[in-house]
Amino acid sequence: MTGRIINLCGGVYKVLLDNNETVNVKARGKLRAVKKLSKNENSLSNKESVMTIKESPKVGDMVEVENDMISKILDRKNSMIRPDVANVDQILLTFACVEPDFSFYLLDLFLVNILKQKIEPVIVITKIDKLEDEKLEVFKKELDYYKALGYKVIFVSSHNNIGLDEVAHALENKITILSGQTGAGKSTLINGLIPEFNLQTQEISYALGRGKHTTREINLYSYKNGFIGDTPGFSKLSLNGIDKNELASYFVEFKKYTCKFKDCYHNHIKGCRVEEAVLNGEILKSRYDNYLKMLEQIEKR
Ligand SMILES: Nc1nc2c(ncn2[C@@H]2O[C@H](COP(=O)(O)OP(=O)(O)OP(=O)(O)O)[C@@H](O)[C@H]2O)c(=O)[nH]1
Ligand SMILES: [Mg+2]
Ligand SMILES: [Zn+2]
């Protein structure tokens, strides 16, 4: 029987089987998840050598269950590390417009991490009921830049039921993971979408003050012919695994400007086309500043 892992807690996997039953099972040791073919360059026969990587099952995996044990991981579409989920179609990057404070740096940092993992991001801004109309209009204008880059941006208030339909629509037929700062309102948003749920949520002053996450594990819930995943929010996010040479490629608008310098890092080089585009207002200044800040952090590493 096959099914999908919807939760992992203390080595026990919760699997939603194809017959809609849910079982709690363990995995049979480490399993073979990925088969990689690599050309053996030293070999005269030019035969492909087969390399197998053993991996543990993770939330999102389709697995085979035999005698109350997971016996096989079916082929993965993709596999994320932060958060640790397989077969993800899209990530809802969830940020509050206030409490915790909105940060363009954090948004760009999340985007870099998501794009690195080749997953589609959707930007969701929560708690808009907390901003006065005028401030909200200014804030929406600022985020128009990201819309122009091709990202979907949705403004929601779970408390006042604003934007939930738009989120619901974006979730149809997909496996979607909510990710973002702790206290942004991810669990509250899921409670708003699925009213019969009652996921634990917490005042952020309390949550942030103690550096604790209210949500502690990843859970997938069946929703609109797909799944929605709640995850513990981040309090920190790093640039680990991001190389200096690839950073600019995640700032998608930079690609439009072909620099006359080969291997340009666009870091204040006289005549750099990217910097020119910043100066004449084509590239958002905060995007460029955030890029430089990240570049500096990677160089310091
Ligand atoms: N005013 C307002 N408050 C909200 C809204 N959404 C969430 N909150 C509040 O924000 C706080 C944090 O919400 P949670 O849903 O626990 O946040 P979370 O993103 O799941 O946090 P972690 O599980 O720690 O990652 C709670 O006090 C919520 O009531 C909203 O739309 N408007
Ligand atoms: Mg939560
Ligand atoms: Zn340049």
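**Asking about the core, the strands and the helices**

Colleague: V124 touches L92, L93, T94, I154, V156 and V167, if you skip residues up to four places away in sequence. What makes two residues count as being in contact?

Modeller: Their C-beta atoms, placed from the backbone, have to lie within 7 Å. Keep in mind that this is a predicted model, where local features need pLDDT of at least 70 and side-chain atom pairs count only at pLDDT 80 or more, while totals for chains, interfaces and linings use all residues. Residues are numbered from 1 along each chain as its sequence is written, and chains are lettered from A and ligands numbered from 1 in the order in which they are written.

Colleague: Which residues touch the most other members of the largest nonpolar core?

Modeller: L93 and V124 do, out of the 57 residues in that core. Helix α1 (residues 104-116) gives the most to the core, with six residues. A set like this is called a nonpolar core because its members are buried Ala, Val, Leu, Ile, Met, Phe, Trp, Tyr and Cys residues joined through C-beta atoms within 7 Å. In soluble globular proteins, nonpolar side chains tend to be buried together.

Colleague: Why does I70 count as buried?

Modeller: Buried takes 20 or more other C-beta atoms within 10 Å of a residue's own; 12 or fewer is exposed, and in between is partly exposed. I70 has 23 C-beta neighbours inside 10 Å, so I70 counts as buried. You'll find I70 in strand β7 (residues 69-73). Setting aside neighbours within four places in sequence, I70 is in contact with Y13, V25, A27, R28, P57, V63 and V65. M1 sits 69 residues from I70 in sequence, yet the two are 9.8 Å apart in space, C-alpha to C-alpha.

Colleague: How much of the chain counts as buried?

Modeller: Of its 301 residues, 32%. As for elements, the chain has seven helices and 13 strands.

Colleague: Which strand do five bridges join to β8?

Modeller: That's β11 (residues 175-180), and β8 and β11 run parallel. T94 has G180 in β11 as its bridge partner. As for β8 itself, six of its seven residues are buried, so much so that the strand is mostly covered.

Colleague: Why is helix α4 called largely enclosed?

Modeller: Because six of the eight residues of α4 (residues 186-193) are buried. They are K186, S187, T188, L189, I190 and G192. Their cover includes β8, β9, α3 (164-171), β11, β12 (219-223) and β13 (226-230).

Colleague: And what about α7: which of its residues are buried?

Modeller: R287, Y288, N290, Y291 and M294. They're on the same side of α7 because they cover an arc of only 160° around the axis, going by the directions from the helix axis to the C-beta atoms. These buried residues pack against α1 and α6 (273-279). The face turned away from them carries the exposed residues K285, E296, E299 and K300.

Colleague: How far does α7 reach from its first C-alpha to its last?

Modeller: It reaches 23 Å over 16 residues (285-300), close to the 22 Å expected at 1.5 Å a residue. The expected span is 1.5 Å times one less than the number of residues.

Colleague: What makes N87 and H266 stand out?

Modeller: Most residues other than glycine have a negative phi, and most peptide bonds are trans. N87 has a positive phi of about 60° though it isn't a glycine, and H266 likewise has one of about 55°. N87 lies in the loop between β7 and β8 and H266 in the loop between β13 and α6. N87 has 21 C-beta neighbours inside 10 Å, so N87 counts as buried. H266 is buried too, with 24 other C-beta atoms within 10 Å.

Colleague: Which two residues does a cis peptide bond join?

Modeller: E99 and P100, with omega about 0°. P100 sits in the loop between β8 and α1.

Notes: Helix = DSSP H or I, 4+ residues; strand = E, 2+ residues; numbered from the N terminus. Pairing = 2+ DSSP bridges.
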